[in-house]
Protein chains: 2
Amino acid sequence: MGIPLSDKAKSIIEDKSFAHVATINADGSPQVSPVWVEHDGTHVILNSEKKRLKVRNLERNPAVSVSIQNPADSYQYVEIRGKVVEITTEGGFEGIDRLGKKYMGVDKYPGNQPGDVRVQIKIEPTRITGMG
Amino acid sequence: MGIPLSDKAKSIIEDKSFAHVATINADGSPQVSPVWVEHDGTHVILNSEKKRLKVRNLERNPAVSVSIQNPADSYQYVEIRGKVVEITTEGGFEGIDRLGKKYMGVDKYPGNQPGDVRVQIKIEPTRITGMG
């Protein structure tokens, strides 16, 4: 059952913050790495390249958690646990350009490689904790 | 089978960086939160309060991964996967004071609550990846 994103979670996501995204590997162990992040008012939204480990993990197991610090105060953070409700190529390249604008101030994300497929990953929050 | 900490991993850990520590909940889902971190040349060392969720998770399942960004360059990070080889109260309060010194510049960590039991968590690296 999803819960609403708190105002604090939205505010931290709207900063130039990084989401450290934890997923479950095929052997049941955790994997975690930092990525850009945005939200749509309801979901936490990530963008990734389709072949990445975190995408393959989330396609197999939708359980996910993200830890995000306030860039202006490392001691304020949120952990948002949830499940992935959609992984789609629709809007994938638009999504990475929007994040490129947010984080780098550029109109076109410069990091795409030939053959890259960008996906939007939509996370429904189920529990929000944190500090500060 | 453990592997050595790379020089880059050691260097990022020696900065005032935060380790976003991913553990596995009882239901198999991931949990992740930022904590202070140090190393002993071989292991990644965390310090926590014994009742915390991440400690209970790691007592049940030693599989762990930490994601650490260079505080001076968010686009340089390491992910260190590994397993917890020891959780001990020995050196627990000394450990949190050492981290208090590193991160806050104080001689005594000011955050202990009555009844708190501090533990040292020793992680053997098994795989190191990253960017930058």
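**Figure 1. The end of helix α3 of chain A and the residue that follows it.** In this predicted model, α3(A) is followed by G105(A), a residue whose phi is positive, near 75°. The helix itself takes in residues 92–104 of chain A, 13 residues in total, and from its first C-alpha to its last it reaches 18 Å, close to the 18 Å expected at 1.5 Å a residue.

**Figure 2. The buried face of α3(A) and what covers it.** The buried residues shown in this view of α3(A) are G92(A), G95(A) and I96(A). Seen down the axis of α3(A), the buried residues fall within an arc of 90°, so they line one face of the helix. An α-helix has 3.6 residues a turn, so residues three or four places apart point the same way. The cover over the buried residues of α3(A) includes β4 (44–49) and β7 (118–131) of chain A.

Figure 3. R118(A) and E94(A), which are 24 residues apart in sequence, are 9.0 Å apart in space, C-alpha to C-alpha.

**Figure 4. Helix α2 of chain A and the strands against which it packs.** In helix α2 of chain A, which runs over residues 53–60, the buried residues are K54(A), N57(A) and L58(A). Seen down the axis of α2(A), these buried residues fall within an arc of 95°, so they line one face of the helix. They pack against β1 (19–24), β2 (30–35), β4, β5 (63–70), β6 (73–88) and β7 of chain A.

**Figure 5. V64(A) in the largest nonpolar core.** The largest nonpolar core has 52 residues, and those with the most contacts inside it are V64(A), V66(A) and I68(A) together with V64(B), V66(B) and I68(B). Not counting residues up to four places away in sequence, V64(A) touches V21(A), A22(A), T23(A), L58(A), G82(A), K83(A), V84(A) and I123(A), as well as P30(B).

**Figure 6. I13(B) in helix α1 of chain B.** I13(B) has its place in helix α1 of chain B, residues 7–14, and is partly exposed, with 19 other C-beta atoms within 10 Å. Leaving aside neighbours within four places in sequence, I13(B) is in contact with V37(B), E38(B), H39(B), V44(B) and I68(B).

**Figure 7. The side of chain B that touches chain A.** Here 22 residues of chain B are in contact with 22 residues of chain A. On chain B, β1 (19–24), β2 (30–35), β5 (63–70) and β6 (73–88) each supply at least two residues of the side that touches chain A, and β5(B) gives the most, with six residues. By class, this side of chain B has 10 nonpolar, 10 polar and two charged residues.

**Figure 8. The relation between the two copies.** Chain B can be laid on chain A with an RMSD of 0.0 Å by a turn of 180° and a shift of 0.0 Å along the axis. The two copies are thus related as by a two-fold rotation axis. The same surface serves both copies, in that 100% of the contact residues of chain B recur in chain A.

Conventions. Residues numbered from 1 in each chain as written. Chains lettered and ligands numbered in written order. Predicted model: local features only at pLDDT ≥ 70, side-chain atom pairs only at ≥ 80, totals over all residues. Contact = placed C-beta atoms within 7 Å. Helix = DSSP H or I, 4+ residues; strand = E, 2+ residues; numbered from the N terminus. Nonpolar A, V, L, I, M, F, W, Y, C, P; charged D, E, K, R; others polar. Expected span 1.5 Å × (residues − 1). Buried ≥ 20, exposed ≤ 12 C-beta atoms within 10 Å, placed from the backbone. Arc of directions from axis to C-beta. Core = buried A, V, L, I, M, F, W, Y, C linked by C-beta atoms within 7 Å. Least-squares fit on C-alpha atoms with pLDDT ≥ 70 in both.
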